[in-house]
Amino acid sequence: MTDLFSKFDPLIEQRATLLATGVRDPFSLVMQRVLSPTEAICNGKHTILLGTYNYMGMTFDADVIAAGKAAFDDFGSGTTGSRVLNGTFSPHKDCEEALKEFYDRKYAMVFSTGYQALLGPISTLAGKGDYIILDIDSHASIWDGCRMGDAEVVPFKHNDIEALEKRLKRVPEGAHKLVVLEGVYSMLGDVAPLKDMVRIAKAHGAMVLVDEAHSMGFIGEHGRGVAEDQGVIDDVDFICGTFSKSVGTVGGFCVSNHPKFEILRLVCRPYVFTAAPPPSVVASAAVSIRKLMHGGNKRAHLWENSKRLHAGLKSLGFQLGTQTPQSAIIAVIMPDLERGAMMWEALLDEGLYVNLARPPATPANMTLLRCSLCAEHSAEQVGEIITRFERAGKKAGILAA
Amino acid sequence: MTERADTYKSICDAITPFNKKGVALSETTTFAGDLEWDSLTVMDFVAEIEDTFDIIISMNMQAEIETVGQLTDAVIKLKASPVAEGREK
């Protein structure tokens, strides 16, 4: 008998081998209680959270929670329908207004998840005969958008300006082009050279879509992301992002000034053929987005945290994904999956949660311990994090004892 | 040398630095099966071929190319007409 699951055998075997070493399963952690944006009870143990992308710590903001509770009372627990049918409530429109204010754009569309906010626009905008030119290290949601559409898909080497330009030059004359970039790449936490890339893309007549999922709220003067920080936001045609990071709920969005943008609501399948997010979720998101517009102090503290952790881990002798702190993500490079899993468990035993990232999600087949800082991490917590990294690193044999 | 033989030789030369196992090359050598390339190696190699011949081999086209011979034919076709896939202007 054939078994459709046989294609997963190598992965099943890899997991069995890993777990046979006695290490705890890094991909099935359960948090019993979440105490704040930076602390939870994991396996009965008080744990500092350093792998949540909860950059601005909005998940426990009193106004954000109050808005969600009020929407529960006023609109019920769910939409039970598509945005284009019965699923658009006033909180959905208000959330789109908040996004327009935040990004200073004319149009905004809210999707049920961040994944769909990339999947939808990319698969819909570029059709048969069009060209999508994208960074090879793009997020899975971008790749899946490419696969779902009919466009010719042309990747270029990560953050390589020249490689992008060469490919733009080779696209047949007259073909429509969509260049897809990210502000911050989430695996190593490195920032894209958007200033040059966006200029080159526009010079070759391409439309530009930038995913600012990991920069919203704290990079750029108004927290609009890397494109704002590098002064090219007005040349970006579409900015996509998510509510599941700095905003602190779930959902995604695309904002634009394109005069025909609104037609996407009728033609974008991941927008049409799914239920709209619950009213409580978008009501919370709207409040959070508006509060992020005035988060200057929190932003400054988040940068301090990021710089301090980067310097601390570097001086301990850990190998990091970037030479300098470029975002709120600091990736610690592990020699291999086995020792990465050991280090991950040693950290958890110390009461510190980070993300274990492994191939194929990582570039160059690396195993990473990905740390994401929060504006709500106190200076004491950051000091404690560095101490716990040192102890765990020695225990797991990553650092010399 | 004919154009095809020329192109075939250039492609074999480009394969050499990526041919870690020293597999003997022929028209029917496959990239995934015989050369055992992973997706990262494929990407680096495709970029090399694109630069050598000043063409674009999209992911869609790559999916159709399994052997050295098929790549040779694809490169010749792309060099002759970069708009081979035909876009109505």
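How many residues does the contact take from chain B, and how many from chain A? It takes 17 from chain B and 24 from chain A, where contact means heavy atoms within 4.5 Å.

Some ground rules. This is a predicted model, where local features need pLDDT of at least 70, side-chain atom pairs count only at pLDDT 80 or more, and totals for chains, interfaces and linings use all residues. Residues are numbered from 1 along each chain as its sequence is written, chains are lettered from A and ligands numbered from 1 in the order written, and side-chain values use heavy atoms, with hydrogens and water left out.

Back to the interface. Chain B and chain A bury about 1,600 Å² between them, 55% of it on carbon and sulfur atoms. Buried area is the accessible area, with a 1.4 Å probe, that two parts lose on being put together, summed over both.

Now one helix pair. Helices here are DSSP runs of H or I, at least four residues, and strands are runs of E, at least two, numbered from the N terminus. Helix α6 of chain A, residues 161-170, packs against helix α2 of chain B, residues 39-53. The angle is about 55° and the axes are 11 Å apart. Axes are lines fitted to C-alpha atoms, for helices over the stretch in contact, and angles run from 0 to 180 degrees between N-to-C directions. α6(A) and α2(B) are therefore oblique to each other. Under 35 degrees would be roughly parallel, over 145 roughly antiparallel, 65 to 115 roughly perpendicular; the rest is oblique.

Which residues make that contact? From α6(A), A:Lys166, A:Arg167 and A:Arg170; from α2(B), B:Ala47, B:Glu50 and B:Asp51.

Salt bridges next. The rule wants a side-chain nitrogen of Lys or Arg within 4 Å of a carboxyl oxygen of Asp or Glu. It finds 4 across the interface of chain B and chain A. A:Arg170 forms one with B:Asp51, closest N and O atoms 2.8 Å apart. Over all chains, the count comes to 31. A:Asp349 pairs with A:Arg24 at 3.2 Å between the closest N and O atoms. That pair links distant parts of the chain, 325 residues apart: A:Asp349 in helix α13, A:Arg24 in the loop between α1 and β1.

Last, two backbone points in chain A. Most residues other than glycine have a negative phi, and most peptide bonds are trans. The bond from A:Pro359 to A:Pro360 is cis, omega near 5°. A:Pro360 lies in the loop between β15 and β16. A:Thr80 has a positive phi, near 50°. A:Thr80 is in the loop between α2 and α3 of chain A.
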